[in-house]
Every structure is written in structure tokens, then in C-alpha cells.
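Here are some notes to read alongside the structure.

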Amino acid sequence: MNRINRLFAETNEKILSLYFCAGTPTLDGTVNVIRTLEKRGIDMIEIGIPFSDPMADGPVIQDAATKALRNGMTLRKLFAQLAEVRKGENAVQIPLLLMGYLNPINHFGFEPFFKECQQIGIDGVIIPDLPFRDYMEQVKPMADKYDVRVIMLITPETSDDRIHFIDEHTDGFIYMVSSAATTGAQSEFDAAKQAYFNKVNQMSLRNPRMIGFGISNKQTLESAQANAAGAIIGSKFVTLLDEEKDADKAIDRLFEALSK
């Protein structure tokens, strides 16, 4: 069973997924960050593929991508770094996803990309600028061939019909973006966001949901956990990792922030 499916089969509440950008804080530190996050109890990890124009991301993740590119990170180097992550005594067991944009993946080649994902143990991918028609006609057959889940995003602007269509034709989980804005920390989820969460929860979707964008404190974490299978935290952790240059210290500070 794909590790993403297994995670949600085993537990469907208070799942915590973290995002960080590969190649930060150092070019060669990506695998160390992954191992540290697993050791500290994180359930799932999204590894960002740095790109020069990350359209869904706010200033924090844009800055991280810029630093990663300056450090020399590429998709090919990332695959080389991840080649041993599922091997040996310290093999990582939790689900790993790559999050990136069409341009570098297309340049690498979609079939080689998914084949590489399968070989090194990547369980899913998130491609925010992938049109759904292209996903259905071109990408899904390749992803299915290599047992890699393509996770699609929905927002408060997504129609009910489209949400049902995404639910019908994807597997793993649905990424519920908390707002129509880019990534970035928020202090709370307002009444409009709560209404959106409630609406989706009443749609009887077959896929579990994870809520991301804006989760940075106890209020937003608990709201996400109450309205979905769990929370995805990106910008807050990316900021702390950049400040500390050490994943353990960044996690300590994240857990402290999520308790307030």
C-alpha cells in the first residue's frame, strides 16, 4: 500500500505534515532535515522543489526557493540526495511528497520524474500549476503506473462540482487551501474560512482532507485539526529553519508556537 494511503488508513485525525524547501538551509542538508522531522514525530513531509517563480507561495517560501537555487539545488541533485533515504538502518518510514511547479518537472520529463519517484520512495507529488485536464489526460496515467499519488488543491473559490470531480479522480488526500491567497502565516481562521471548512466536510468526499496555508499557532492548528484529518505547515517552519539553521531547534520553536 502507498504510504500516504496507509497513513490515513491507520489514523484520520491530528496528522501533522511539514513543508520545507530542498537545498535549505544548506545544499546538502535535505536528508538530515527529513530524518530529524521523522524522529520528532512529524507524520508526513512535503519537500519543496525550488523554482524561480513559485506562484502559489508567499514571500517566505519564495525567499527559501531563491536561497536554495543560489545554493545550487536542482531537481536532479535532489533525486540524487534522496536516493538512500529509504535504505539502511535509518530508512525513513513516513510518507514523503515532492511539491513543485510544472517547469522543472517538465524539463526533467514527466515519465522519468515519476519513475525516479518510485525508485527512491516518493509517495506523492503536489504540482499547484498543473491544469486538471492535463492531469487527467497525460499525468495521471504515468503517476498510476509508478504508484505515485498526485495531490490536488482546492480553495474557497473551487466549485462544488469541481471538488467532487477532483475527489472522484484522485487518491491519497485532498489539499484544502485555507484561503485564495498565497502561502503565509495567519493568526486565525475567520468565519468565512470556517464556513468553507464546514461546507467541504458536509460533501461526503471519499478522500481525507488536509488543511494548509496560514497555520502558525494553536488557534489555526486546532481549527485545521477539527475540520480535516490534519494540518500542513509550511511558511512558519520554513521561517524557523532559516533562522535556526538546525531542524531540531526549528522544531522546538515550532512546537512552542503551536502551543500558544
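1. Helix 2 covers residues 30–39, and its buried residues are Thr30, Val31, Val33, Ile34, Thr36 and Leu37. Buried here means under 20% relative accessible area, exposed means over 50%, and partly exposed lies in between, with a 1.4 Å probe and protein chains only. Helices (H or I, at least four residues) and strands (E, at least two) are DSSP runs, numbered from the N terminus. These buried residues pack against strand 1, strand 2 (44–48), helix 4 (75–82), strand 3 (96–99), helix 11 (235–244) and helix 12 (247–258). Contact, throughout this note, is heavy atoms within 4.5 Å.

2. A word on the model before going further. This is a predicted model, in which local features need pLDDT of at least 70 and side-chain atom pairs count only at pLDDT 80 or more, while totals for chains, interfaces and linings use all residues. Residues are numbered from 1 along each chain as its sequence is written, and side-chain values use heavy atoms, with hydrogens and water left out.

3. What follows helix 2? Gly41 does, with a positive phi near 95°. Gly41 sits in the loop between helix 2 and strand 2 and is partly exposed, at 48% relative accessibility. Its C-alpha atom is separated by 14 Å from that of Ile233, 192 residues apart along the chain.

4. Of its 5 residues, 5 are buried, so strand 2 is largely enclosed by the rest of the structure. Both faces are covered: Met44, Glu46 and Gly48 are buried on one side, and Ile45 and Ile47 are buried on the other. As background, side chains in a regular strand alternate between the two faces of the sheet.

5. Two strands pair if DSSP finds at least two bridges between them. In general, strands of a sheet pair through backbone hydrogen bonds, either parallel or antiparallel.

6. Strand 1 and strand 2 run parallel over 5 bridges, with Cys21 opposite Gly48. Strand 1 is also joined to strand 9, by 4 bridges and again in parallel; here Leu16 stands opposite Ala231. Strand 8 (residues 209–212) and strand 9 (residues 230–233) run parallel too, joined by 3 bridges. In that pair Ile211 faces Ala231, and Gly212 stands opposite Ile232.

7. Is Ser17 buried or exposed? Ser17 is buried, with a relative accessible area of 0%. Leaving aside its neighbours within four places in sequence, Ser17 touches Ile42, Met44, Ile45, Glu46, Met210, Ala231, Ile232 and Ile233.

8. How many disulfides does the structure hold? There are 0, a disulfide being a pair of cysteine sulfur atoms within 2.5 Å. The sulfur of Cys21 has its closest cysteine sulfur in Cys117, 16 Å away, which is too far for a bond. Cys21 is buried, at 1% relative accessible area, and Cys117 is buried as well, at 0%.

9. Next, a helix pair. The axes of helix 7 (residues 132–145) and helix 8 (residues 160–169) come within 12 Å and cross at roughly 10°. That makes helix 7 roughly parallel to helix 8. Axes are lines fitted to C-alpha atoms, for helices over the stretch in contact, and angles run from 0 to 180 degrees between N-to-C directions; under 35 degrees counts as roughly parallel, over 145 as roughly antiparallel, 65 to 115 as roughly perpendicular and the rest as oblique. Phe132, Tyr135, Met136 and Lys140 of helix 7 meet Arg162, Phe165, Ile166 and His169 of helix 8.

10. Finally, find Ala192 in helix 9 (residues 191–201). Ala192 is exposed, with a relative accessible area of 56%. Ala192 and Pro156 are 36 residues apart in sequence, and their C-alpha atoms are 8.8 Å apart in space.
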